[in-house]
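Please look over the structure shown below before reading the notes that follow. They treat a few selected places, grouped by topic.

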Amino acid sequence: MASPHPFDPISPDEIKLGVALLEQTFPGEALRYKRIDVLEPIKKETVPYIEAERLNKPLPAKPARLLFSYFHRKGTGGFYKAVLNADTKKPVYVKELPKHIQGPADIDELIEIEDACNAHPAVQAEIAKMQLPDGYTVCNDPWIYGTDSDDETRRLAQCYMYIIEVDHPESNHYSLPCAFSPVFDQVSKELIRIDYLPTGTNTTTSPTKPWKPVKCVQYAHDLLDEPLRKDLKPYIVNQPEGPSFSLVGQEVKWQKWRFRVGFTNRDGLVLYNLTFDGRPTFYRLSMSEMTVPYGDPRKPYHRKQAFDAGDVGFGITANQLALGCDCLGHIKYFDGYRVDPRGNPVLLKNVICMHEQDNGIQHKHTNYRNNAATVVRNRQLVLQMICTVSNYEYVLAWILDQAGNIEQEVRATGILSTMPIDNEEGAKVPWGTNVGPGVMAAYHQHLFSLRIDPSVDGYNNTLYYEESEPLPVDQELNPYGMGYVSKQTVLKQAGFADLSIEKNRTFKIRNDNKINQVSLKPVAYKIHAAPSQMLLMSSDSFARKRAAFSEHAMWVTKYQDDELYAAGEFTNQSTIDTGLAQWASRKDNVENEDLVLWHTFGLTHNPRPEDFPVMPVEKISVMLKPDNFFTKNPALDVPPSNQQFNKSTLHEEACCPGAPKL
């Protein structure tokens with residue numbers, strides 16, 4: 001097998017190697033594979049290698065190529081983690097994990113539970129009680145069970161049931177939720193119980209009754225009652241000379257940017273070793289975690305909290321993207337791989353798209369004395385994946401531009417997670433919105449953790465925040481009361497900090513060993529944070545205990561190789577946050593050190609009827625911007641925008657029928 005780059009995604013041959021090593025370790029035993037993926041390379045071994053690449057020097061030995069696996073031994077039921085050395089073709093370690101630890105869900109497992117639920121006689125009996133009209137069927141969404149007990153060690157799934165009105169692949173079953181929800185053991189496929197769902201403001205539930213028919217609210221184009229618009233003309237993105245980017249394997253070169261595209265089952269899209277004009281900026285950028293707690297206090301909704309990266313994985317749920325739909329223009333696609341339960345590699349095709357886009361004006365100035373103007377368009381490079389997590393879609397994009405900026409843009413769309421509500425006039429609840437007949441969508445939050453591993457002109461950096469504050473009135477220094485200054489506060493120890501809009505608190509990552517020749521300040525990148533409401537749930541709730549990262553907007557930790565995920569390695573049915581809250585409590589020195597910054601941001605989503613039956617995108621973004629990194633605008637050398645280059649067309653007005661053209 002060819003020797004991969006340290007940042008390359010896992011290959012099918014490596015998955016097969018991992019399976020072979022584990023089968024040698026447990027000869028004759030049946031194993032169920034949850035995950036085989038690349039383990040992040042050891043950073044102290046990787047930095048000399050990528051620095052030699054950057055400086056065009058002879059390459060040292062590559063860091064060890066390590067894989068990891070989560071798997072079950074079917075005979076014992078034990079859940080294991082293994083780390084494997086792909087170079088030596090030997091296990092580093094294989095260990096059984098404690099019974100309270102549940103690994104992430106996989107697609108095959110969810111399908112198995114969905115099938116087991118639909119076929120179970122007790123579930124079929126509940127469906128029969130609804131007395132559905134001919135042609136109507138029932139499906140279910142297996143949800144990660146969540147947590148309401150420190151003692152639960154079974155691997156459970158809560159199946160939410162829905163009615164399908166019409167036999168169509170895009171029929172919107174979320175419009176017709178049922179009022180019962182089976183709970184299954186995912187390992188034994190045993191039905192644990194059937195929960196009956198409350199449909200009013202109190203916790204009162206009742207056995208399944210005949211269904212009162214309501215009309216489904218559909219979103220699929222060929223199921224809509226109203227005709228499609230006919231006044232939309234084609235919009236074609238055309239690059240006749242091809243794109244401005246080039247690739248060698250996973251390495252991308254675009255304008256002054258150089259970086260590598262990574263992909264893991266958990267993170268999905270990862271960017272590695274970003275340099276601008278030969279200068280290092282960031283070692284690794286990724287979306288570390290997202291938690292979605294629901295604000296419905298009634299049982300069993302009190303457990304409803306997803307960790308979409310840790311519970312399943314952004315890579316596992318990434319869509320196969322298609323030309324002309326998800327990305328426009330000249331598109332480069334990247335693939336990924338996962339393992340199925342039997343150990344076979346599964347191709348995840350076209351899970352990342354890369355393309356260029358125009359984003360308006362980059363910079364412009366007109367000399368008002370003579371109307372001479374300089375204008376430059378803002379060309380951007382977009383790397384995007386789209387993850388479908390049951391009902392929701394998340395569009396996660398990294399966007400680079402010609403001025404050294406990097407943006408993480410998140411768009412939430414898809415379909416609201418819905419609950420049944422009494423189909424009576426005036427029925428509503430204070431923690432949700434009625435979005436259709438007999439269907440309610442609960443208030444909830446989407447809180448992301450962006451992991452930023454900086455290398456701002458070097459690998460020892462410092463995090464600080466800057467606040468703008470007025471100077472006191474002083475007859476000599478500030479006699480007119482107009483002056484204000486900026487004040488810097490360094491975060492010297494691992495910990496957290498919050499935003500302050502009133503003080504214009506801005507977080508910056510600087511390199512104290514490199515000084516800008518013009519400003520005489522250390523080179524830095526600043527974080528244009530996304531001001532967001534943090535987690536609303538009580539400090540006593542499991543939702544808060546499991547997602548302590550969502551209590552604060554900014555965290556900083558000292559780099560450790562195995563600390564990648566804000567809520568910890570295992571979130572499925574977790575009871576506490578084993579990530580940032582624990583790592584920050586070490587109070588490591590992070591001044592002029594190899595540090596990691598984590599930014600919590602997101603959406604508090606109190607649904608509207610306009611969000612149903614499919615939600616217009618809700619967009620939020622974070623920007624990383626050079627700050628004293630350059631001595632002047634780094635995009636000055638971008639060619640000016642002009643008609644010869646862009647070939648725009650002029651719209652001609654039709655004044656009156658038969659009128660001569662002027």
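UniProt positions are given here in the numbering used for this structure, feature names are shortened, and annotations may be inferred rather than shown by experiment. This is a predicted model, in which local features need pLDDT of at least 70 and side-chain atom pairs count only at pLDDT 80 or more, while totals for chains, interfaces and linings use all residues. Residues are numbered from 1 along each chain as its sequence is written, and side-chain values use heavy atoms, with hydrogens and water left out.

**The annotated domain**
- An unreviewed UniProt entry places the feature "domain: Copper amine oxidase catalytic" at residues 237-636.
- This span is 4% helix and 50% strand, where helices (H or I, at least four residues) and strands (E, at least two) are DSSP runs, numbered from the N terminus.

- Y162, in strand β6 (residues 156-164), counts as buried because its relative accessibility is 1%, buried meaning under 20% relative accessible area with a 1.4 Å probe and protein chains only.
- Leaving aside neighbours within four places in sequence, Y162 is in contact (heavy atoms within 4.5 Å) with residues including C139, H173 and T418.
- N172, in the loop between β6 and β7 (180-185), is also buried, with a relative accessible area of 1%.

**A three-stranded sheet**
- An open sheet has the order β20-β22-β21 with antiparallel pairing, two strands being paired if DSSP finds at least two bridges between them.
- β20 (418-420) and β21 (432-436) stand at the edges, each with a single partner strand, so one side of each has no neighbour in the sheet.
- β21 and β22 (residues 439-442) pair over four bridges, and G432 stands opposite A442 in β22.

Note on methods. Buried < 20%, exposed > 50% of the residue type's maximum accessible area, 1.4 Å probe, protein only.
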